[in-house]
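The structure comes before the notes.

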Amino acid sequence: EKAKWPKETVELWERLSKKEANDVETVQKSIVHHVTTTLARAAYNMDNFSAYQAVALSTRDRLISRWNETQGQLSKADPKRVYYLSLEFLLGRSMDNALLNMGLKGTYGKGVEQLGFNMEDVIESEVDAALGNGGLGRLAACYMDSLATLDYPAWGYGLRYNYGIFQQRIVDGYQTEYPDYWLNFDNPWELPRLDISIQISFGGHVQSIQDEYGVTRHNWIPAQSVQAIAYDVPIPGYDTENCNNIRLWRSKPTKTFDLTSFNEGNYEKSVEDATNAEKITSVLYPNDNTMAGKELRLKQQYFWTAASLHDIVRRFKKSRREWSDFPDQVAIQLNDTHPTLAIVELQRLLVDEEMLSWDDAWEIVTKTFAFTNHTVLPEAMEKWSVPMFEYLLPRHLQIIFDINLFFLQKVEKKFPNDRGLLNRMSIIEEAQPQQIRMAHLAVVGSHKVNGVAALHSNLIKTTIFKDFVDYYGEDKFVNKTNGITPRRWLHQANPKLSKLISDTLGSDKWLKDLSLLKKLTTKIDNAEFRKSWMAIKRHNKVRLAELIKIRCNVEVSPDALFDVQVKRIHEYKRQFMNILAVIHRYRTIKSMTASQKASVQPRVVIFGGKAAPGYYIAKLVIKLINSVAAVVNQDPAVGDLLKVVFIPDYNVSVAEVIVPASDISQHISTAGTEASGTSNMKFVLNGGLIIGTMDGANIEILEEIGEENIFIFGCLAHEVEDLRHAQRYRGVPMDPALQGVISAIEKGVFEDPKIFQPLISTLTVGKDFYLISADFASYIAANQAVDTAYKNQEEWSKKSIRCTANMGKFSSDRSVKEYADDIWGIKSYPIVDEGHM
Ligand code: 9GP
């Protein structure tokens, strides 16, 4: 169309679409413009929140320019892209991150201050985008930051939930859940694409007909359909023009209401369909490492994967290439089993709609997909009941049965007459009713399967996917150790440390090459440097102490050792063991003489994290922590030697305050249960030491920072089964120190002991599945070693610097590059700044 325009018109557009300058005054003008026009407010009518809205809108304008340029240039060049399918993106706040990544924080900071606002208060006004539960969703967000920073052509696909993870409040020591309606004030960080609407169908039946060549074709006649509307979230890379996209889908009714019912006077029924359609993207399931199994969840998964694939295929078709080129243009990463239906949907599109042969289609499918497994916990393995699945997706069920049949025929060929093997490997579990094992489907439909830390990747090969390794061979199963973005988790969350590092290393290049931190080791013996390092830690502890005062109404001393365990509450993560050890510490202090007390290292034990609303035992752990806190914090015999706090509503922005302030943090899962963990990386990167088991990424952190800088305890993964066996069949008695702690709870030292009985009974001899008793003595000893080490502040500061200096491996840039090279086969495509809006 543009080609038809007269020269003057083209020139006019060119002139008017020049990017705005990025000097302070231009930025201020754009902020004021948004205040007066978009917000329709005036200077005298402004608060921090409206200032935030205006700054956000102005930042968004700049983001959109980059987004347009990136997507325009990529459309032209059409390189291979990766699509990261994740049901969760735990982005947190966007403004600070966007300004830092675009290199505009200084300019905006100055501009905002001159306009009479404090930039920190403005930043604090933003609510978190909390479209995720924990590690898995935050990993997706870190990967999106790295993909953009490394100029990889990448899109994320997810759902735009109206309600993110619930807000947690503590009432009488118990967790209570409140809805997180985060879209109350509009979301400036998304671009609604109301014109991009895809029809998604459900239910109905399948018609099978023979085509003119005698081939049976399957025609799905669905019963209902809804619309998927696209919302784009720009993700700017750090120190690059590149700005990638996360496309989130929102469900809407295809027709607003049923006119027949309306005309018959049944108004309620007439809007029923509409309400049901909107429900699909209404709420994020609040489960972490457990499977929900609800029909609505399956609907979410299909709605999202079908809309995303439709979009990906439409983009591919624009290039008019052969179908066989699809895997050379498209890589799709399945973040856990949640998007596994995408495999089936692509097969359906290729066979039923594009008329490819089954085998040609399947070859394309299996070359396109790769699958990340994030857990070996049985309760987290997704399974769908066949009758429910058939009711919602009848054609997809047929395809799954066919995929399974052809797969098992091949297994039979390779390992004849092993019915047990076929049963174990089948995508269909022969239960009542039959179940679809999504992890098996994901393995069969992908060309690579990866775990998220070295131990975990080995474990999946010897446990849940052992038979598949025997069948496919080792090469299909790889490790991609998780990583975190240093931009958010150091530069943004810990600005003072970031500045000290940049000043010391002479540049901020480390933010894009984290291995450069190694050079900090040359400063370890410099007393001045150590002093500055520890002064920053103290500053961050003061900031956290203020947050604790506000949220928990407890005064804590920033001179005490800050001991942190923040993560989802789960039995395998053993917050229970932590609080039991705190009780042990409390009892020990109470039994001391005044002179003995003088040598006790004061400690503040900080907990935070949400429990799934239906997870009764996890919720009792929260109650116990709060009951212990109530007693300990009031006890004059203990004073500042021990304080316990539970910070409510732990989320990304709270983590940004907690992580830089920790002296020691706890990563104490039973060996073999935590696939990786990523907060361990965040803490160590910020110079916090960790106490942990030989589990997940702790092991690789140990390898990088050295065993003298980490406090390791507990049994090893390969010992777990023997210990459980010994406990169950030989009745190994409970650890005596633990016994003392349990007696104290049972005597009612912390509220009515009846409340905690269900929790205590999980420790009954023979039932202690997470091996709290077996690990208790070594855990107490490791905590004592922490106290002793902390007393020597000079040595501690050296350990702290060494920790940060050796964390280069754990940048998500490293992880993403490994995925790009070994799994996706994509290359960087740097965007050129052409100066357009
Ligand atoms: O539990 C794992 C956690 O260890 C890991 O760090 C994270 C990211 O890979 O994924 C978690 N898994 C899940 O949330 C569910 O599979």
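Rings of Phe, Tyr and Trp (its six-membered ring) are taken as a pair if their centres lie within 6.5 Å; planes under 30 degrees apart count as stacked, over 60 as edge-to-face and the rest as tilted. On that basis, a search of the whole structure gives 29 aromatic pairs. The model is predicted, so local features need pLDDT of at least 70 and side-chain atom pairs count only at pLDDT 80 or more, while totals for chains, interfaces and linings use all residues. Numbering starts from 1 along each chain as its sequence is written, and side-chain values use heavy atoms, with hydrogens and water left out.

**Aromatic pairs and cluster**

- Phe49 and Tyr52 form a tilted pair, at 5.7 Å centre to centre with 40° between the planes.
- Both Phe49 and Tyr52 belong to helix 3 (residues 48-77), where they are three residues apart, about one turn of the helix. Helices (H or I, at least four residues) and strands (E, at least two) are DSSP runs, numbered from the N terminus.
- Phe49 is partly exposed at a relative accessible area of 23%, whereas Tyr52 is buried at 4%. Buried means under 20% relative accessible area, exposed over 50% and partly exposed in between (1.4 Å probe, protein chains only).
- Trp323 and Phe326 make a tilted pair because their ring centres are 5.8 Å apart and their planes are at 45°. Both Trp323 and Phe326 are buried.
- One aromatic cluster is formed by Phe371, Phe407, Phe465, Phe468, Tyr471, Tyr472 and Phe477.

**Charges over rings**

- Lys299 sits over the face of Phe202, at 5.2 Å from the ring centre. The criterion is that NZ of Lys or CZ of Arg is within 6 Å of the ring centre and within 35 degrees of the ring normal.
- Lys541 lies over the face of Phe562, with 4.8 Å to the ring centre.

**Domains and their interface**

- The protein chain is divided into domain 1 (78-93 + 128-481) and domain 2 (486-810), with bounds that come from an automatic or database domain assignment.
- The C-alpha centres of domain 1 and domain 2 are 35 Å apart.
- In domain 1, 43 residues are in contact with 43 residues of domain 2, where contact means heavy atoms within 4.5 Å.
- About 3,400 Å² is buried between domain 1 and domain 2, with 56% of it on carbon and sulfur atoms. Buried area here is the accessible area (1.4 Å probe) that two parts lose on being put together, summed over both.
- Gln168, Tyr238 and Leu455 supply 19% of the area that domain 1 buries against domain 2, more than any other three residues.
- Three salt bridges are found across the interface of domain 1 and domain 2. A salt bridge is a side-chain nitrogen of Lys or Arg within 4 Å of a carboxyl oxygen of Asp or Glu.

**Two single residues**

- Ser385 is in strand 14 (residues 383-385) and counts as buried at 18% relative accessibility. Leaving aside neighbours within four places in sequence, Ser385 is in contact with Pro433, Gln434 and Gln435.
- Pro179 is in the loop between strand 6 (174-178) and strand 7 (191-202) and is exposed, with a relative accessible area of 58%.
- Apart from neighbours within four places in sequence, Pro179 is in contact with Tyr163 and Gln167.
- Pro179 and Phe316 are 137 residues apart along the chain, and their C-alpha atoms are separated by 39 Å.

**Salt bridges**

- The count comes to 54 salt bridges.
- Glu241 forms a salt bridge with Arg66, with 4.0 Å between the closest N and O atoms. Glu241 lies in the loop between strand 10 (224-236) and strand 11 (243-253) and Arg66 in helix 3, so the pair ties together parts that are 175 residues apart in sequence.
- Glu241 is buried at 17% relative accessibility, and Arg66 is buried at 10%.
- Lys541 and Asp663 meet through their side chains in a salt bridge (2.6 Å, N to O). This pair links distant parts of the chain, with Lys541 in helix 22 (residues 527-552) and Asp663 in the loop between helix 26 (652-658) and strand 22 (664-667), 122 residues apart.
- Lys541 counts as buried at 3% relative accessibility, and Asp663 is buried at 1%.
- A network of salt bridges links Arg193, Asp232, Arg247, Asp311, Arg314 and Arg315.
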